[in-house]
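Dear colleague,

I am handing over the structure we spoke about, and my notes on it follow below. Please look through the sequence and the model first, and then read on.

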Amino acid sequence: MKQIRLTGRERAVLRGLDVAVGSTGEELLEFSRLAPDDLVAILNSMLSPGYMEMVAYAEEATLENFRAARFDINPSYAMQIREAMARR
């Protein structure tokens, strides 16, 4: 099993994610206080390997669609992401 390594910005976004129901891009933007284009890049870096899922489904987030979309942790990676968040 491959060990997940998270950057500081990825950790900041994941901390803002409501693990029970997911969070919208607007909620993540407000929590993380990142620039919209930075947040989209971080979301895409976690969507492409499958660590996160986007509802309504899309291959990648864009500046036009990320605010209304809901993001959630992929259940297949939940335990590994939790362990990665615990590591420093």
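With a relative accessibility of 26%, Asn65 counts as partly exposed, since buried would require under 20% and exposed over 50%. Please keep in mind throughout that this is a predicted model, and that the values given here are computed from it.

Asn65 sits in the loop that links strand S2 (52-55) to strand S3 (70-73). Within that setting, a polar atom of the Asn65 side chain lies 2.7 Å from the backbone nitrogen of Thr62. If neighbours within four places in sequence are set aside, the residues in contact with Asn65 are Met54, Ala58 and Glu60. Gly25 is 40 residues away from Asn65 along the chain, and yet the C-alpha atoms of these two residues are separated by 8.6 Å.

The other asparagine I looked at is Asn74, which is placed in the loop between S3 and helix H4 (78-86). Is Asn74 buried or exposed? Its relative accessibility is 13%, and Asn74 therefore counts as buried, the cut-off for that class being under 20%. The side chain of Asn74 comes to 2.9 Å from the backbone oxygen of Gly50, and Gly50 is also one of the residues in contact with Asn74 once neighbours within four places in sequence are left aside, the others being Tyr51, Met52 and Glu53.

Turning to the protein chain as a whole, there are four helices and three strands, and read from the N terminus these elements follow the order α-β-α-α-β-β-α. The radius of gyration is 12 Å, close to the 12 Å that the globule rule gives for 88 residues, so the protein chain is as compact as a globular protein of that length. Taken along the principal axes, the box that the C-alpha atoms fill is roughly 35 × 25 × 20 Å.

Of the 88 residues in the protein chain, 42% are buried. Among contacts with a separation of 6 or more, 57% are between residues 24 or more positions apart.

With kind regards

Definitions and conventions
Residues are numbered from 1 along each chain as its sequence is written. This is a predicted model: local features need pLDDT of at least 70, side-chain atom pairs count only at pLDDT 80 or more; totals for chains, interfaces and linings use all residues. Side-chain values use heavy atoms; hydrogens and water are left out. Helices (H or I, at least four residues) and strands (E, at least two) are DSSP runs, numbered from the N terminus. Buried means under 20% relative accessible area, exposed over 50%, partly exposed in between (1.4 Å probe, protein chains only). Contact means heavy atoms within 4.5 Å. A polar contact is a pair of N or O atoms within 3.5 Å; within protein, one must be able to donate a hydrogen and the other to accept it, and residues adjacent in sequence count only if both atoms are side-chain atoms. The radius of gyration is taken over C-alpha atoms; the globule rule is 2.2 Å times the number of residues to the power 0.38.
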